[in-house]
Protein chains: 2
Amino acid sequence: MGVDSREPDYRALSQRIKLLAHPERLRILDVLRRERECVCHLEALLDKPQPYVSQQLRLLREHDLIQDEKVGNNVYYRLIDAEVAAWLEQILGPITSEHVGIARQKQLIDCACPKCDANEPEGGYAPIVIELT
Amino acid sequence: MGVDSREPDYRALSQRIKLLAHPERLRILDVLRRERECVCHLEALLDKPQPYVSQQLRLLREHDLIQDEKVGNNVYYRLIDAEVAAWLEQILGPITSEHVGIARQKQLIDCACPKCDANEPEGGYAPIVIELT
DNA sequence: ATACTATATGCATATCTTTGCATGTTTGTG
DNA sequence: CACAAACATGCAAAGATATGCATATAGTAT
């Protein structure tokens, strides 16, 4: 049943690759493969206007690379695509343990989001775990 | 010396990723990571006009992903970028041993290039060997 | 030389992507 | 309810990329 296609679907693959072929999106994905982040943090990280960031997130979300999660007034995103996670691991290297969250990296001192408040769960959020293909 | 940049160069990487983010170029690279092929074969494989194929090859060549090699009237291309070879391995999977060259795949019966003639060296051309990063 | 074959190049047009910005929606708060 | 904060959406202008096609070049053979 189905086509005996041992040929890769170059069209579909190249469509997905295009999502990484953009400096800001690649950067966003590099962050979101490590831990979930809210839009306000990504906005600070990229140093771009908020609608700009939301648009890139929309694109990634509409292609099911990332998933949103509303927490009160904030929205957290995380990577959910295992294949893309594996691509990122090859392209950007493995996730280092010395990684420091955006809030500490960029000194978001006056950020009121739960992650910057004491609202963050003890020991931080559960790490993102994706089975690599 | 130099910047202590543990940050990946997202701009440069995304530029390189763009080269794969195109169905015909991805297909070309998938062939050229296996064995060297002449333009006439790639033209037959993609079923696109020759200038179209040459233009994609030029782009890949100008970014040093592939290298040309003139043999008489024909030009052979092969993949020479190890990092991209590793990406392709992750994205398209490992190179299978059941691979059949384009000439046999597409029945290029009237192709006069050396590879289709008996001019091909005994046992075929040496396989392309690239050290994966 | 002449003509032929394989491939490359240049350029115009069409098409998709990116980016900026105004406005909309949702949730929380007084 | 009114208002503020965080984020999403829609749309248009600018920019980049893709494609088609005419023509150029470089080897080969006659």
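Student: What makes a residue count as one around DNA strand C in this predicted model, and which come nearest?
Tutor: The test is a C-beta atom within 6 Å of the strand. There are 23 residues around DNA strand C. Pro51(A), Val39(B), Cys40(B), Pro51(B) and Ser54(B) come nearest.

Student: Which elements each supply at least two residues of that surface?
Tutor: From chain A, α4 (50–62) does. From chain B, α3 (39–46), α4 (50–62) and β3 (74–79) do. The most comes from α4(B), with six residues.

Student: How do the residues near DNA strand C divide by class?
Tutor: Nine are nonpolar, nine polar and five charged.

Student: How do you know that chain B touches chain A?
Tutor: Contact requires C-beta atoms within 7 Å. On that test, 19 residues of chain B are in contact with 19 residues of chain A. On the chain B side, α1 (10–20), α2 (23–32) and α5 (82–92) each supply at least two residues. Here α1(B) gives the most, with seven residues. By class, this side of chain B has 12 nonpolar, three polar and four charged residues.

Student: Why is Ala44(A) called partly exposed?
Tutor: Count the other C-beta atoms within 10 Å of its own: there are 19. Buried needs 20 or more, and exposed needs 12 or fewer. The count of 19 lies in between, so Ala44(A) is partly exposed.

Student: Where is Ala44(A) placed in chain A?
Tutor: Ala44(A) is in helix α3, residues 39–46. Its C-alpha atom is separated by 8.9 Å from that of Ala103(A), 59 residues apart along the chain.

Conventions
Residues are numbered from 1 along each chain as its sequence is written. Chains are lettered from A and ligands numbered from 1 in the order in which they are written. This is a predicted model: local features need pLDDT of at least 70, side-chain atom pairs count only at pLDDT 80 or more; totals for chains, interfaces and linings use all residues. Helices (H or I, at least four residues) and strands (E, at least two) are DSSP runs, numbered from the N terminus. Ala, Val, Leu, Ile, Met, Phe, Trp, Tyr, Cys and Pro count as nonpolar, Asp, Glu, Lys and Arg as charged, and the others, Gly among them, as polar. Two residues are in contact if their C-beta atoms, placed from the backbone, lie within 7 Å.
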